[in-house]
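Subject: Structure handover

Hello,

Please find the structure below. My notes on what was found follow it.

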Amino acid sequence: SFPVLQALHDVHGPVALVHFDAHSDTWADSEGRIDHGTMFWHAAKQGLVDPAASIQVGMRTLNPEDHGYRVLDARWLHAHGVDACIAAIRELHDALPIYVTFDIDFLDPAFAPGTGTPVVGGFTTHDALQLVRGLAGLEIVGMDVVEVSPPFDHADITALAGASVAQELLAAHASRFPDR
């Protein structure tokens, strides 16, 4: 995600981040190491994303520092539901273009076993597809689906889930252009 955010910043300036994941990926690292656990901390510090216009959804590991991001953790999403989450995402995004990143471990390992850092207590594939469909019409300028790991996958369950999420992300992006 990080190099894509750098490229998008060159075109759009800061973007809003919609981040579906079991982990915040905002661990502070002042030594400059950019990896799958620190990238959104660096993105905020470098002004690639505007944390105040961004939202992280589904976290199941605790990072006590939110770094200005709005965090709707797994407990919140399980308690309030998909529709409330979509409403929260949509209310944040009226000014900036959006980058959507979907880490496959947002899904419960029962629905996506093929990932490197699975965390129980996640979400169904149905939940994920509904959430992504709820982004239709927003100004999505970039997206990714990350951390699908075929060696850990069983019967291609995770690959199928990742491909389905990617397809819905593309459809959400395309929904902005109804005449094309």
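Leaving aside neighbours within four places in sequence, which residues is A172 in contact with? They are V132, L135, A136, G137 and I140, where contact means heavy atoms within 4.5 Å. A172 lies in helix α6; helices (H or I, at least four residues) and strands (E, at least two) are DSSP runs, numbered from the N terminus. At 3% relative accessibility A172 counts as buried; the cut-offs are under 20% relative accessible area for buried, over 50% for exposed, and partly exposed in between, with a 1.4 Å probe and protein chains only. A172 and E139 are 33 residues apart in sequence, and their C-alpha atoms are 9.2 Å apart in space.

Before the rest, the conventions. This is a predicted model, in which local features need pLDDT of at least 70 and side-chain atom pairs count only at pLDDT 80 or more, while totals for chains, interfaces and linings use all residues. Residues are numbered from 1 along each chain as its sequence is written, and side-chain values use heavy atoms, with hydrogens and water left out.

Nonpolar cores

In soluble globular proteins, nonpolar side chains tend to be buried together. A nonpolar core here is a set of buried Ala, Val, Leu, Ile, Met, Phe, Trp, Tyr and Cys residues joined through side-chain atoms within 4.5 Å. The largest such core has 34 residues, and F20, I89, F102, F106 and L135 touch the most other members. At least two residues of this core come from each of β1 (16-20), β2 (55-57), α3 (74-80), α4 (82-92), β4 (98-103), α5 (125-133) and α6 (157-174). The element that gives the most is α4, with 6 residues. Apart from this core lies another, of 13 residues, including L8, V15, L17 and M39.

F102 is buried, with a relative accessible area of 1%. Not counting residues up to four places away in sequence, F102 touches F20, L107, A128, V132, D144, V145, V146 and V165.

Aromatic pairs

Rings of Phe, Tyr and Trp (its six-membered ring) pair if their centres lie within 6.5 Å; planes under 30 degrees apart count as stacked, over 60 as edge-to-face and the rest as tilted. By this rule there are 4 aromatic pairs. One of them joins F20 and F106, edge-to-face, at 5.5 Å centre to centre with 80° between the planes. F20 lies in strand β1 and F106 in the loop between β4 and α5, so this pair ties together parts that are 86 residues apart in sequence. F20 is buried at 0% relative accessibility, and F106 is buried at 0% as well. The rings of F102 and F106 have centres 5.4 Å apart and planes at 65°, so that pair is edge-to-face. F20, F102, F106 and F123 form one aromatic cluster.

The largest pocket

A pocket was found on a 1 Å grid over the protein atoms alone, as an open set of points where a 1.4 Å probe fits, with protein on both sides within 12 Å along at least five of seven lines; lining residues have an atom within 4 Å of a point. The largest has a volume of about 310 Å³, the volume being the space filled by probe spheres set on the points, which are joined across faces, edges and corners. Its lining has 17 residues, of which M59, R60, T61, L62 and D73 lie nearest its centre. By class there are 6 nonpolar, 6 polar and 5 charged residues, with Ala, Val, Leu, Ile, Met, Phe, Trp, Tyr, Cys and Pro counted as nonpolar, Asp, Glu, Lys and Arg as charged, and the others, Gly among them, as polar.

D73 is placed in the loop between β3 and α3 and is partly exposed, at 30% relative accessibility.

Positive phi

Most residues other than glycine have a negative phi. D25 has a positive phi, near 55°; D25 lies in the loop between β1 and α2 (39-45) and is buried, with a relative accessible area of 4%. H67, also not a glycine, has a positive phi of about 55°. H67 is in the loop between β2 and β3 and is partly exposed, at 22%.

Regards
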